[in-house]
Amino acid sequence: MNKKTLKDINFENKKVIVRFDFNVPISDGTITDDKRIKATLATIKYLQDHNAKIIMLSHLGRVKTEEDKQKKTLAPIAKKLAELANYPVTFIDETRGKKLEAAINNLKAKDLLLIENTRFEDLNGKKESGNDPELGTYWASLAEVFVNDAFGTAHRAHASNVGIATYIGDSCVGFLIEKELTMLNKIVLNPSRPFVAVLGGAKVSDKIDVIKQLLNKADTVIIGGAMAYTFMKALGYSIGNSLVENDKIDLAKELIELGKEKLVLPIDYVTVSEFKDIPGTNTKDCNIADNQMGLDIGIETVKLFNAKLQTAKTVFWNGPVGVFEMNNFARGTEAICETIANLKDAFTLVGGGDSAAAVGKFHYEDKVSFISTGGGASLEYVEGKPLPGIEAIKNKL
Ligand code: AMP
């Protein structure tokens, strides 16, 4: 990688502003999954060991109204982080101002300070999400070095990543981003073959570019989930009331033409008459009756997808192949998880979001090579798009 990493910078006694991804699920003030916080500890420890004064920022959800602020404060994260890092965390309930600046001036080497949710700055004119130059300049003025370690937002140009990087003297990526890129490069640069991609989820429109890229790069591209019905309709099968994007049928035809035998589609489904967690029926072939909708891949499709995955040496998986949140339609996604987890000598990467949630639900987290912390960012990277949050970081000298 040509971007500076932590080891390229002298942090001794410097004020360092770090963008993390502390966007964790919180219910009634309690953090229900602290994985993302734990994922920042290696970078924090390195900065402490090198005597940096550490100023941290992150977004949490979306902030649209004044009332959202109460639920979206980073206060519970400061508490949890202090526990996990075993070091006090000074929490400043503001995103700018005298109180913040005074607290920063009081920091000693190794100290940790957390700024309030960056998206509070979206309330008056989307300053964070719109990468307002005045805000980026202000945050950059608080420190001497910027570390970006928030992979989940690296595909967005916000004030707290691209903005700060633009206006600060020196910058690098943290350990988490470095690891994400090392892992994703095993897919993007020189994958061991056969390379099999599994794509699912709700919408074709979100995944057109990645399908195109993967049809070039992979040996097999398996399509499941609701996305598959647009392809099946393009091929002339009846899909009943299943989700479909009618404006993407021509595009699906193009992709079928482009992919030829590389593209693998379902051959049967589990269908039901309404979107409810009730037992479904396995279809006899690729057709779905008018009053039914497909919510999972069928038994024969599970066998077909498994057979295609058996010899894989590299697997990239993004998107569930059915409505895995409902127990009656989780079998296909669970089978994919199990097959991927049991592959011998294969590099298996799960793109974040719903596929990561599925791997967690079925307890295969320790049996895949890597689970990305950024669904959107990992997809865009595999698509070959530059990630602005990383592009803005200084190059190695
Ligand atoms: P995405 O965010 O595009 O990756 O979509 C993930 C969502 O797609 C999950 O919440 C799944 O429940 C949903 N999904 C997968 N298969 C189907 C299907 N056959 N019908 C409706 N929704 C589906």
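Which residues of strand E7 (residues 145-148) are buried on one side, and which on the other? Select E7 and look: Val145 and Val147 are buried on one face, Phe146 and Asn148 on the other, so both faces are covered. Buried here means under 20% relative accessible area, with exposed over 50% and partly exposed in between (1.4 Å probe, protein chains only). Strands (E, at least two residues) and helices (H or I, at least four) are DSSP runs, numbered from the N terminus.

Before you click on, a word on the model. It is a predicted one, where local features need pLDDT of at least 70 and side-chain atom pairs count only at pLDDT 80 or more, while totals for chains, interfaces and linings use all residues. Residues are numbered from 1 along each chain as its sequence is written, and side-chain values use heavy atoms, with hydrogens and water left out.

**Next to E7**

E1 runs parallel to E7, joined by four bridges; two strands pair if DSSP finds at least two bridges between them. Pick arginine 19 and you'll find its bridge partner in E7, asparagine 148. Valine 145 has aspartate 170 as its bridge partner in E8.

**The ligand**

Now select the ligand and the 15 residues around it; Ala202, Gly294, Gly322, Glu325 and Asp354 come nearest. A residue is near if one of its heavy atoms lies within 4 Å. Colour the shell by class and you get seven nonpolar, four polar and four charged residues. Ala, Val, Leu, Ile, Met, Phe, Trp, Tyr, Cys and Pro count as nonpolar, Asp, Glu, Lys and Arg as charged, and the others, Gly among them, as polar.

A polar side-chain atom of glutamate 325 lies 2.5 Å from one, and a backbone N or O atom of alanine 202 lies 2.9 Å from one. For aspartate 354, a polar side-chain atom is 3.5 Å from an oxygen of the ligand. On its own the ligand has 510 Å² of accessible area, and the protein covers 82% of that (Shrake-Rupley method, 1.4 Å probe; for residues, only the protein chains shown count as cover).

Most residues other than glycine have a negative phi, and most peptide bonds are trans. Go to proline 194, in the loop between helix H8 (175-188) and strand E9 (195-199). The peptide bond to proline 194 from arginine 193 is cis, with omega near 0 degrees.

Asparagine 51 comes next, in the loop between helix H2 (41-49) and strand E4 (53-57); its phi is positive, near 60 degrees. Then try asparagine 131, between strand E6 (112-115) and helix H6 (133-141). Its phi is near 50 degrees, also positive, and at 22% relative accessibility asparagine 131 counts as partly exposed.

**An open sheet**

Select E12, E13 and E14: these three strands form an open antiparallel sheet in the order E13-E12-E14. Strands E13 (281-282) and E14 (293-297) are at the edges with a single partner strand each, so one side of each has no neighbour in the sheet. Two bridges pair E13 with strand E12 (residues 269-272), and valine 270 has asparagine 282 as its bridge partner in E13.

Methods: Polar contact = N/O pair within 3.5 Å; in protein donor to acceptor, adjacent residues only side chain to side chain.
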